Amino acid sequence: MELMPRSEETAFEPSREGLLILAETELALEKPIARLREAYGDELRIEPPAVRYQDGDPVLEPHMGLRVLCNTRHFEAVRRDLLMRGATLEDAEVTEHFAVIRASAPLAWLIGYPKHLKEMTDARTKLAMWLSHYAPVAPTGGDAA
């Protein structure tokens, strides 16, 4: 616990099984994980991130606000990718030199998005992500009764 950087975006819960890192976004996990890798090297095991839902009727899921600053040539690919992830596009601006997309999307559809975005755009983007709100979990389809 003493190794962990202090931040409003993260909280830590030690247990017998290991250290649980609670964070608003995957981006907020980067510094604590880097610190742990420095300390423990190859002995460190990291499980994939998971979404924390709010129990109730209905069950609520976190939605994230996003702002993506990218090269104009990547705009359409980023826009399509966000739409495929269930994002609601709130605003977009495309100029001769850059593009900005503002959107919100369910966190469950954004797991792995920071890494995917870097790969998709040759790491030539800036991503800001924050907790926007909680909303009822959208139905996934299937058989209706």
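1. Tyrosine 53 has a relative accessible area of 40% and is therefore partly exposed; buried means under 20% relative accessible area, exposed over 50%, and partly exposed in between, with a 1.4 Å probe and protein chains only. Tyrosine 53 sits in the loop between α1 and β3. Helices (H or I, at least four residues) and strands (E, at least two) are DSSP runs, numbered from the N terminus. From tyrosine 53 to asparagine 71 the C-alpha distance is 34 Å, at a separation of 18 residues in sequence.

2. On the basis of the values: the model is predicted, local features need pLDDT of at least 70, side-chain atom pairs count only at pLDDT 80 or more, and totals for chains, interfaces and linings use all residues. Residues are numbered from 1 along each chain as its sequence is written, and side-chain values use heavy atoms, with hydrogens and water left out.

3. The chain has three helices and six strands, in the order β-β-α-β-α-β-β-α-β along the sequence. Taken along the principal axes, the C-alpha atoms fill a box of roughly 50 × 50 × 25 Å. Of the 145 residues, 30% count as buried.

4. Tyr53 belongs to a nonpolar surface patch together with Val59 and Val137, and the accessible area of the patch is about 230 Å². Patches are made of residues with over 30% relative accessible area and no salt bridge; like charges are joined within 9 Å, and nonpolar side chains (Val, Leu, Ile, Met, Phe, Trp, Tyr) within 5 Å. Accessible areas come from the Shrake-Rupley method with a 1.4 Å probe, and for residues only the protein chains shown count as cover. Valine 59 is in the loop between α1 (26–40) and β3 (60–70). Valine 59 counts as partly exposed because its relative accessibility is 35%.

5. Helices α2 (residues 75–84) and α3 (residues 113–120) pack with their axes 11 Å apart and at an angle of about 155 degrees. The axes are lines fitted to C-alpha atoms, for helices over the stretch in contact, and angles run from 0 to 180 degrees between N-to-C directions. The two helices, α2 and α3, are therefore roughly antiparallel; angles under 35 degrees count as roughly parallel, over 145 as roughly antiparallel, 65 to 115 as roughly perpendicular and the rest as oblique. The crossing of α2 and α3 is right-handed, a crossing being left-handed if the near helix is turned anticlockwise from the far one by less than a right angle, and right-handed if clockwise.

6. Four salt bridges are present, each a side-chain nitrogen of Lys or Arg within 4 Å of a carboxyl oxygen of Asp or Glu. In helix α2, glutamate 76 and arginine 80 are four residues apart, about one turn of the helix. The closest N and O atoms of this glutamate 76–arginine 80 salt bridge are 3.8 Å apart. Glutamate 76 is partly exposed at 32% relative accessibility, as is arginine 80 at 45%. Salt bridges link Glu76, Arg79 and Arg80 in a network.

7. Arginine 85 and aspartate 81 form a salt bridge at 3.1 Å, N to O, and both residues are buried.

8. Arginine 102 and aspartate 91 form a salt bridge with closest N and O atoms 2.8 Å apart. Arginine 102 is in strand β5 (residues 99–106) and aspartate 91 in strand β4 (residues 88–94), so the pair ties together parts eleven residues apart in sequence. Arginine 102 is partly exposed at a relative accessible area of 29%, and aspartate 91 is partly exposed at 38%.
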